Amino acid sequence: MVKLRELALFVLLMMLMVPLCARAQLVKGKIDGYKGRSLFIAYSPDGCYPEEYAEVPVDANGVFAFDFDLKFPFSDIIIEVSDSSSVGAHLVKGETLELNIKLNGNALEGVSYSRNKEVNEFYNKLVACFKGTGNGRVDKLSLEASLKSLVDKSKREYYTTLMEAICLDREIAIAQDSLYALGKNYLDDKEYMKMIAKIDPNDKFCFRSGLSLRWLVSNVKAEMAFKGDMGPYCTEMIDIINSAITDSLVRRAMCKVVGMYYFNFGAASDGYKE
């Protein structure tokens, strides 16, 4: 049962690499070697949680464009260019970012950016580390070296905090997998729960990195009835959110997570659209 919680959480964590959110033709791109007619871009319309996946048309030359109403000074998105490769992009309100992406089959061979090169390259590296490691450790030394290229102090501090949160999330995931391999319930492990207790679920970096969802799931006592009645499990999640989550954007996003759990992992999966 514990492993089912982790599998469900993993699906959601893969959507968590997007922060704050603009309006204009924000992204134009060309993908060499792309065979599909469309691709998916993960973005956040409300500035907190990447709850939206937009399907974007790609023409015969591999060219695509994407707009959305960016309400914040900047936003990071994830472009899914193949089943196994993703590209991170840093968008700035009022600017158009152009990308040139090269694929070899499903493998990403390279990407170049028309502006904000240092930030884009760092964020792309962060996405690759997060999505490429599963529950393995992030190459923190390599990321720290890349951070030094960010001249803008505020951006450097922002991404340093995000990187630290992601690294902590990976450490918790490793501990969780180790306990599972030993046949232990990580929710009963005192050291594991000490790590969970360090998480501030209302913090935007904790939420973006997946830490807030780990905190939420680790505080639910009800059993997850995978493909069964998820009512008691999801009701307890709502009770925890109501009692502990004060940030309005995080509350809204977490409630959507509860809906995803109920409809995607329970017997009521057919009612997801409703």
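Guide: Asp-169, Arg-170 and Arg-214 are linked in a network of salt bridges. A salt bridge here is a side-chain nitrogen of Lys or Arg within 4 Å of a carboxyl oxygen of Asp or Glu. Side chains of opposite charge can pair when their charged atoms come close.

Two notes on reading this. The model is predicted, so local features need pLDDT of at least 70 and side-chain atom pairs count only at pLDDT 80 or more, while totals for chains, interfaces and linings use all residues. Residues are numbered from 1 along each chain as its sequence is written, and side-chain values use heavy atoms, with hydrogens and water left out.

Now the setting. The protein chain has nine helices and eight strands. Both are DSSP runs, numbered from the N terminus: helices are H or I with at least four residues, strands are E with at least two. Of the chain's 274 residues, 49% count as buried. Buried means under 20% relative accessible area, exposed means over 50%, and partly exposed lies in between (1.4 Å probe, protein chains only).

Back to the charges. The structure holds nine salt bridges. One of them joins Lys-140 and Glu-164, at 2.9 Å from N to O. Lys-140 lies in helix α3 (residues 140–147) and Glu-164 in helix α4, so the pair ties together parts that are 24 residues apart in sequence. Both ends are partly exposed: Lys-140 has 29% relative accessibility, and Glu-164 has 35%.

Lys-194 and Glu-191 form another salt bridge, at 3.4 Å from N to O. These two are three residues apart in helix α5 (residues 190–197), which puts about one helical turn between them. An α-helix has 3.6 residues a turn, so residues three or four places apart point the same way.

Glu-109 and Lys-102 also meet in a salt bridge, at 3.9 Å from N to O. Glu-109 is partly exposed at 46%. Lys-102 is partly exposed too, at 44%.

Next, helix α4 itself. It runs over residues 153–181. Its 29 residues reach 42 Å from first C-alpha to last, close to the 42 Å expected at 1.5 Å a residue. The expected span is 1.5 Å times one less than the number of residues. Just after α4, Gly-183 takes a positive phi of about 75 degrees.

Now the rings. Rings of Phe, Tyr and Trp (its six-membered ring) pair if their centres lie within 6.5 Å; planes under 30 degrees apart count as stacked, over 60 as edge-to-face and the rest as tilted. By this rule there are twelve aromatic pairs. Tyr-158 and Phe-205 make an edge-to-face pair, 5.0 Å centre to centre with 65 degrees between the planes. This pair links distant parts of the chain, with Tyr-158 in α4 and Phe-205 in helix α6 (residues 204–209), 47 residues apart. Tyr-158 and Phe-205 are both buried.

Tyr-233 and Tyr-261 are stacked instead: 6.1 Å between centres, 25 degrees between planes. Tyr-233 lies in helix α8 and Tyr-261 in helix α9 (residues 248–265), so this pair ties together parts 28 residues apart in sequence. Both of these tyrosines are buried.

Finally, ring pairs link Phe-74, Phe-122, Tyr-123, Tyr-158, Tyr-159 and Phe-205 into a cluster. Charge meets ring here too: Lys-155 lies over the face of Phe-74, 5.3 Å from the ring centre. A charge sits over a ring if NZ of Lys or CZ of Arg is within 6 Å of the ring centre and within 35 degrees of the ring normal.
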